[in-house]
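This report describes a structure for a reader who has not seen it before. Please look over the sequence and the structure first.

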Amino acid sequence: MRRLIAMLSLAVCVSAHGAEATAAPVASADDGQWTMPGKDYASTRYSTLAQINAANAVRLRPLWTFSTGVLGGHEGQPLVVKDTMYVVTPWPNVLYAFDLRKEGYPLRWKYRPAVSPNAIGVSCCDTVNRGAFFADGKIIYNLLDGHTVAVDAKTGRELWNTPIADLTAGETTTMAPLVARDRVIVGAAGGELGIYGWLKGLDLKTGKVLWTAHNLGPDADMLVRADTFKPPYDSGTDLGQKSWSGDSWKTGGGPVWGSVSYDPDLDLIYYGTGNAGPYNAEQRLGDNKWTSSVLARRPEDGALVWAYQFTPHDSWDYDATGAMILANLSIGGKPVKALVHFDKNGFAYTLDRTTGRVLVAAPYATINWAQSIDLATGRPVLDPTKATGASRGTVKGICPSLEGGVSPASPGAYSPRTHLFYTSTNNLCMDYAAAAASHLRGTPYLGATTPYTAGPGGNLGGFIAWDAGTGRKVWENKETYPNWSGTLVTAGDVVFYGTLDGWFKSVDAKTGKTLSKFKVGSGVVGNPITYRGPDGKQYVAVYAGIGGDWFLLAGDIRSDDPADVRAPADYIKDIARHTSQGGIVWIFGL
Amino acid sequence: MKRLLSLAVVALLASCSGQTGPSAQTAALPPGIRYDAHLAAGGNLPPGAQLTNPKSGDGATAKAGAAMFSAMNCDGCHGGDGAGWVGPSLADGRWRYGGSDSEIFSSIYYGRPKGMPAFGGTVGVDGVWTLVTYLKSLPVPADIATEAWDTQ
């Protein structure tokens, strides 16, 4: 019987490979490395490696682990360059380089930067780091206290170290950089601290800041030029200033804390901006452009080419900092250079990435703040009873919660074989009680209390496969807890993700059926990767280490500080029964 | 040589524990706040001030402190009612840097190294005492040490 199954699955594999030959390849020459956060410039998190497949994934087993010695939330992912694996920890942002050629993967070196402990208290939501980027022989990443560093990938020596952000203004740096051409693209978090959000372009060789582009404010600050800025739905000058009441744009947030994608043919970088601040939206009337938006810029000089706002006048903390996945899709029979984005606001968007126009927008999570997205104007059709503000008191039962339909910290994936997108989801709703917020430099600028409840069905999260051409859910796995891991999909038609209570799973890319699962010691909020080792075998790596928002929201998951003991959150009472803090790197194989 | 050195250290320590050593230096030191919860080498607590909260236990002050806790964005880090958020809980009766009024005053007035800002320059001495009075008024749960899911 077993032999018959093996033969059958072999037949399936062969036919699947046949299909691959006719599908448009995204990454034709996959060398088995993982050199940038999203695997490729398109942020597909898709690998052509196929030794591990839907037939044999049941045999996956842990082969190696390493404690990072750090307790903060382990978001992001390792890199694998040639025969070395690079791991960046949350603050204090240690960089480890493991030698994959030797038994036990001993360290080649580790790099321990001088990073200010003040950053611990300034970061809104745990001391996370979302990963490094390899380019030009350098491992490049951000330190939490507002520095970008470049480290020699061979020797571990620091090549440059550039201050980019101002802790005293509430800025911290958690995002993974992107290197496009010879520019290192970086941004800062701080949407909860009244920052004036920006993106910067650094020189790859020296680290020097070559341009700074604000995400809001007057055209001059935003690097908007009348001849090159062509937004799909808007016209006029200084939109990033005029769409705010008074001077509210100066402390309006618009952070960058996710990741950046790049289309080398169009020569455009794409990134999402975070929420408008403060959470009490009545202190900043107007659309509040370009917060909760996707922006397309030239990497060379930062010039803004187009911008589209997912959530005008954000009144629910709907950041748009989640991954912008680039894929060439067929929509209604026409080939489209698409950008696909699962927004915190619960809609999945398929945009034309040349122009920024919305082609498809459909709910992938339970939504009631808006009914739909009007494709003619690009604007949401709002439910006025779900608008928030200090004068409205407590607005009950808004879905999704401000944790989002998915967290921007949990990037999805795209397989050109199944033509499906895959993402973790949350199933949470919230009440929203806004109140006047006072701006005090370097302290939180919030003004809302937002208790959560479970969404319909009672499960707090899930994992879905999504058709971005039609805006349709293809399959869904319900999960007990909010699902906070990133996604990996491979040419073996296996999808990998982890759960908040610490299960690392492989599932069938076509059906969602669980193929294997293993309890990895702490909740998974990181992103799995795969690579070909020096021995020619395929491996899968992932971090365990619950944290990020769950450091705040489930404060009872910590055990390290006897002076910080908290009651469990009432909507997720037993998460601490299943997991505790602690960073561990895992490697799985057959 | 090494042995001689260690003998010298012992001699030095002996003089420290004597009556004249530390107290002889106090005149030259500025007054600082003493942390009675810290270990003291040789069992000798250094001289230091203990501040007295002029508003200790005053209900109206505690109420004003609750409003200030929100207005100064303390709740943005420590959570509503000080129950803990990105910053530690202030409502569990346990303290990283000491829980006497004097020690809490020092934490708020001067700040702490893991990102707790110094508020003394913004709210002043009276403001900090108002916050201290509020924090000390928070009810502490009877048993915070145990979190149980299945005791059968």
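How many residues of chain A are in contact with chain B, and how many of chain B with chain A? In this predicted model, 30 residues of chain A touch 26 residues of chain B. Two elements of chain A, helix H2 (118-122) and helix H6 (575-578), each give two or more residues to the side that faces chain B. The largest share comes from H2(A), with 5 residues. Sorted by class, this side of chain A holds 15 nonpolar, 8 polar and 7 charged residues.

Chain B is built from 6 helices and has 0 strands. Read from the N terminus, its elements follow the pattern α-α-α-α-α-α. Of the 152 residues in chain B, 28% are buried. Among the contacts in chain B between residues at least 6 apart in sequence, 54% join residues at least 24 apart.

Chain A contains sheets, and two of them are described here. One is an open sheet of 4 strands in the order E7-E8-E9-E10, with antiparallel pairing. Why does one side of strand E7 (133-135) and of strand E10 (158-163) of chain A lack a neighbour in the sheet? These two strands stand at the edges and have a single partner strand each, so one side of each is left without a neighbour. From one strand to the next, the twist averages 20 degrees. Within this sheet, E7(A) pairs with strand E8 (residues 138-143) of chain A in the antiparallel sense, over 3 bridges. Ala135(A) is placed opposite Lys138(A), which belongs to E8(A).

The other is an open sheet of 4 strands, ordered E15-E16-E17-E18 in chain A, and its pairing is antiparallel. Its edges are formed by strand E15 (260-263) and strand E18 (304-309) of chain A; each has a single partner strand, so one side of each has no neighbour in the sheet. With direction ignored, neighbouring strands of this sheet are turned by 20 degrees against each other on average. Inside it, strand E16 (residues 268-272) and strand E17 (residues 293-297) of chain A are joined in the antiparallel sense by 4 bridges. Ile269(A) stands across from Arg297(A) in E17(A).

| Strand pair | Sense | Bridges |
|---|---|---|
| E7(A) and E8(A) | antiparallel | 3 bridges |
| E16(A) and E17(A) | antiparallel | 4 bridges |

Key: Residues are numbered from 1 along each chain as its sequence is written. Chains are lettered from A and ligands numbered from 1 in the order in which they are written. This is a predicted model: local features need pLDDT of at least 70, side-chain atom pairs count only at pLDDT 80 or more; totals for chains, interfaces and linings use all residues. Two residues are in contact if their C-beta atoms, placed from the backbone, lie within 7 Å. Ala, Val, Leu, Ile, Met, Phe, Trp, Tyr, Cys and Pro count as nonpolar, Asp, Glu, Lys and Arg as charged, and the others, Gly among them, as polar. Two strands pair if DSSP finds at least two bridges between them. Axes are lines fitted to C-alpha atoms, for helices over the stretch in contact, and angles run from 0 to 180 degrees between N-to-C directions. A residue is buried if 20 or more other C-beta atoms lie within 10 Å of its own, exposed if 12 or fewer, and partly exposed in between; C-beta atoms are placed from the backbone.
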